[in-house]
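Hi,

Here is the structure I promised to pass on.

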Amino acid sequence: MDVSEFFGRQLLSSELPVGWKERVSKLQVQPGIEVMATTVRCNRCGVTTTKQRCTLPNNQFYCPSCIQLGRVSTLNSLVSLPEPNRFERINQKDVLTWKGTLSKTQDKCATDILTVFQERRQHLLWAVTGAGKTEMLFRGIAWALSQGLRVGLASPRIDVCNELFPRLVQAFKRTDIQLLHGRSDIPYRYCQFTICTTHQLLRFKVAFDVLIIDEVDAFPFAQDDGLWFAAQQAKKADGALLFLTATPGKKLFQMIQRKELSISYLPLRYHGHLLPTITCRLASKWQLKLEKGRLPRSLIVQMQQRLKHNIRFLLFVPHVAQLPAVQTSLQHTFPNEQIVTVHAGDPDRLEKVQLMRSEEINFLVTTTILERGVTFPGIDVFVLGADDAVFSSAALVQIAGRAGRNVARPTGDVIFLVPVVCTKRTGGHQTN
């Protein structure tokens, strides 16, 4: 193992090779757990837990909040090595290999981002789904890389990371970029540009000069204080932190009000169109029908029309438990189609999404796992049971954003199937 693999990293002492703790002179060591009177605090994720909840034998304690990355306890330490930035400064024109252009509104946001990186500030880019957020990052990232700075881009979702990685590799062909998440079998290596899930940030400490958090409103990042802590800890004290989202939550607005966060806002998609109009269709007692092996006639008719005209689509359903019944019904209705379902716990999830991406299937039946961060050009979107509590307003806006992402078909159809048709607002977009 090369010592560079520890630069800017935060690992458990038990993860170190034998003898490395003694061999590395600048290795920083701190307790994994701080013990108070009735609680303990984890130094990796910053979460405080009652002793009663996290007790081990012999009056020892552990952190249950970040245990998926290895157990932090009073029996081990956290070790880290300062980030030395062993990257050369190069001409900025030699960094970016993307040859595309930005619209006037995109260009303004890209300039804002560049300024934020140069001034090492915290900033929010609030842009509608399909606005071209990734391309707006290129100018700022190119500047940071040319200055020999270390850059990180993190997202709560593996699918988003997998979507971003090849696009960024193409945009920065001369830069060593690593993709890092729990389902990747590629070992960690020290490099200038890292794309990872937000959980992986728990393994970094004071590493990044520029850190970008994509889909900051998504589960689990938005609800997990430990991941917010990890983001702050993973960047340098004077590092820039950029949040990206189409649906900012209460926490971000509070940060803006406290002057902790500046903001850029872009309501148009990259092709200049607004989000597609959402249409509601009646699907009364659809759950009872599904129990009998049938789907709403209104949905079937809409699907038949798309297949007839070679329009691909996503079908969202509220719950994983409903997927088998939906699949069986569709197999009966469309015997010549390959019916594929996917959800967060699906072991073949990545392969199934790739089938849709490579246009080997005409549609994909999914839960909210594909509500954001994936692009399938020219598709329509159906949401069965859009009134279900699992579909928050933010989720519905993100789902609607899967449609109309292609210049050749910039609008697309978004159809919500609900027991009662009514007028409803979702994230500023009226349904009727």
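Helix H3 (residues 133-146) and helix H4 (residues 158-171) have axes that come within 11 Å and cross at roughly 40°. That makes H3 oblique to H4 (angles under 35 degrees count as roughly parallel, over 145 as roughly antiparallel, 65 to 115 as roughly perpendicular and the rest as oblique). Axes here are lines fitted to C-alpha atoms, for helices over the stretch in contact, with angles from 0 to 180 degrees between N-to-C directions. Helices (H or I, at least four residues) and strands (E, at least two) are DSSP runs, numbered from the N terminus.

Thr-134, Glu-135 and Phe-138 of H3 make the contact with Leu-164, Arg-167, Leu-168 and Ala-171 of H4 (contact means heavy atoms within 4.5 Å).

Now the sheet: it is open, with seven strands in the order S11-S12-S10-S13-S14-S9-S15, and the pairing is parallel. Two strands pair if DSSP finds at least two bridges between them. At the edges sit strand S11 (177-180) and strand S15 (262-266), each pairing on one side only. Strand S9 (residues 122-127) is joined to S15 by five bridges in the parallel sense, and Ala-127 stands opposite Leu-266 in S15. Helix H6 (residues 250-257) packs on this sheet, touching S9, strand S14 (235-245) and S15, and its direction makes about 130° with that of S9.

Bear in mind that this is a predicted model: local features need pLDDT of at least 70, side-chain atom pairs count only at pLDDT 80 or more, and totals for chains, interfaces and linings use all residues. Residues are numbered from 1 along each chain as its sequence is written, and side-chain values use heavy atoms, leaving out hydrogens and water.

Cheers
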